[in-house]
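Dear colleague,

Please find below the structure that I am handing over to you. My notes on it follow directly after.

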Amino acid sequence: VETAIQCLRNIFFDDKGARDETILVQSSVLLDFVVKAKNSCSKDLQRKAIMNIIHGMNITHPQVKDENNNTMPYNALEAWIDTLVEGEDSTTIIGEKKKTVSAIKKCVKLVIKHEDDDKILQLITKAVSVPSDTLYKKLLLPALLETAITSTSSIMLFMEAALQLSTPSTVVRLLSFLTGKKEYFQKEAIVIIPMLALMGHDDSTVRQAALDLYDNLSEPPFREVSKSSILLDGATALPDLLRNNNDNDPAILLKHCATICQKWINFRGHQRALAIVLSSTELAGEASFSLDNRWALAGGLIFRKLLDFDDKVLDESSSLVEAVVRMFKGALINDASEIFNLVIVKGSSRSRSYSVGRASGVSLADPYPDGMVDALVKSLTLAGDDESDSNCYIASHIISTVFGSDSWCNIIFKDRLNSKDRMRITNQLLLLQTVEANKAFLRLPLPAGDLCSLLKEHTNNLVALATLLDYIRSSSSSSTEVANGMFSVLESISSSDIMLEDDNGMDFVRHSTLSGLLEYCHTSS
């Protein structure tokens, strides 16, 4: 490592004829060497080597045009911070504070210029996670955090970091830093969404820091905030906060959710923030945040974005999927006091569930919100056409949450959807051809006309026919119309050409059809 340090000095300061691209490649190789040698040298020596690389980059990097080397500033900063995380306070580093801060500031600006938000976010979380208060206050805060917030001019990356951090003390440290940055909050009205989520944090010290941050806003969006309730109850107090400030335009908060969805939906911290706020608007009640508005202004957009997610992003967004899918159930909270004892808190997502049958304060949407059937059908269609984990996960969640609800099946599906929409939904369930989709289909109350249409449409789909015939045999509402439909199916699959085929599946469907007809004859007599 000592040899590497001398080599670095020669490259950066003595070899005047070296090309910038060559210098950057050499420094990249040396950085990799120094990082790998961390177990065989002291932390001070390793920091010294990395800092030499950072100093050298500040001289050469602005002129470099090789796009493949743009990750070098981030790699160097990450390696340097890691030495601080793993080591003790270094009097050498503090002694060279001015020189170090200057080098780090320049390097941070290079990262912001060339890297994506993910890299900047990682640097922020690493910086506030350094265990040493001395190093944090004297180096990381002035060099990295101050430079990052000035250069990005966006408070939202810092809020994302606060939402992602798992240790309460580091969250408080970051929020304390942000409390003095009033000018940046004025540029981002949507900051209230992550701020509300932090007010619902599991740890009371974080909730207090979030309240202090809220007090720093020049134009607070809420007329009054019960700090004692938030400190005591956390997320449980958020619906009351939103309900008690219903003189504000509720559309504004929902539009903020939509903006977050457009810009920050790929970040897991903001996904969780959206889930918490959407759940809170739901529990605030229909008078404050109607289901129609929640779906039209935020839920529908978020759901469409979720359908476009790739698998690795969706893994982190299950709480957001839960919050949006619950809208499909069509439950309306008319009197929040009636469901107080039915609120169930589950983990960090704080999802709620309640039963219409047990709570007089809850009713069902009539009519069903515009666009919900389209979205539901699209999800089931994508799960059948595109077997990506994300689409299958969302469809599975819809099947268990929505089709698993007796009130949705027996009231909304049966009485509040027209025949065309019922057919669209049932067709996609039959085409999905999964065990859970078939079970969901068997739960639906279908009139004879719908069953006949489905029999006619799926005559050539043996799996769908088997499910349909299963349904008819177990149903007590078989009619002459349905029996005629089964005769038509039997005639179609028993023609001379088809009968010659050796197909066990076809034989099974014939047997099921005959069983269904015999069952009809028995019940009719």
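The number of disulfides comes to zero, a disulfide being a pair of cysteine sulfur atoms within 2.5 Å.

Please note that this is a predicted model, in which local features need pLDDT of at least 70 and side-chain atom pairs count only at pLDDT 80 or more, while totals for chains, interfaces and linings use all residues. Residues are numbered from 1 along each chain as its sequence is written, and side-chain values use heavy atoms, with hydrogens and water left out.

As to the chain in general, buried residues account for 52% of its 525 residues. Its secondary structure consists of 30 helices and two strands; helices (H or I, at least four residues) and strands (E, at least two) are DSSP runs, numbered from the N terminus. Of the contacts in the chain with a separation of 6 or more, 74% are between residues 24 or more positions apart, where contact means heavy atoms within 4.5 Å.

Two helix pairs may be described in detail. Two packed helices are described by the angle between their axes and the distance between the axes. Axes are lines fitted to C-alpha atoms, for helices over the stretch in contact, and angles run from 0 to 180 degrees between N-to-C directions.

On the α9 side, Met156, Met159, Ala162 and Leu163 meet Pro194, Met195, Ala197 and Leu198 of α12. The residues of this contact comprise eight nonpolar, no polar and no charged; Ala, Val, Leu, Ile, Met, Phe, Trp, Tyr, Cys and Pro count as nonpolar, Asp, Glu, Lys and Arg as charged, and the others, Gly among them, as polar.

In the second pair, the axes of helix α21 (residues 372-385) and helix α22 (residues 389-401) come within 8 Å and cross at roughly 130 degrees. α21 is therefore oblique to α22. The contact of α21 with α22 divides into nine nonpolar, two polar and no charged residues.

Yours sincerely

Note on methods. Parallel < 35°, antiparallel > 145°, perpendicular 65-115°, else oblique. Buried < 20%, exposed > 50% of the residue type's maximum accessible area, 1.4 Å probe, protein only.
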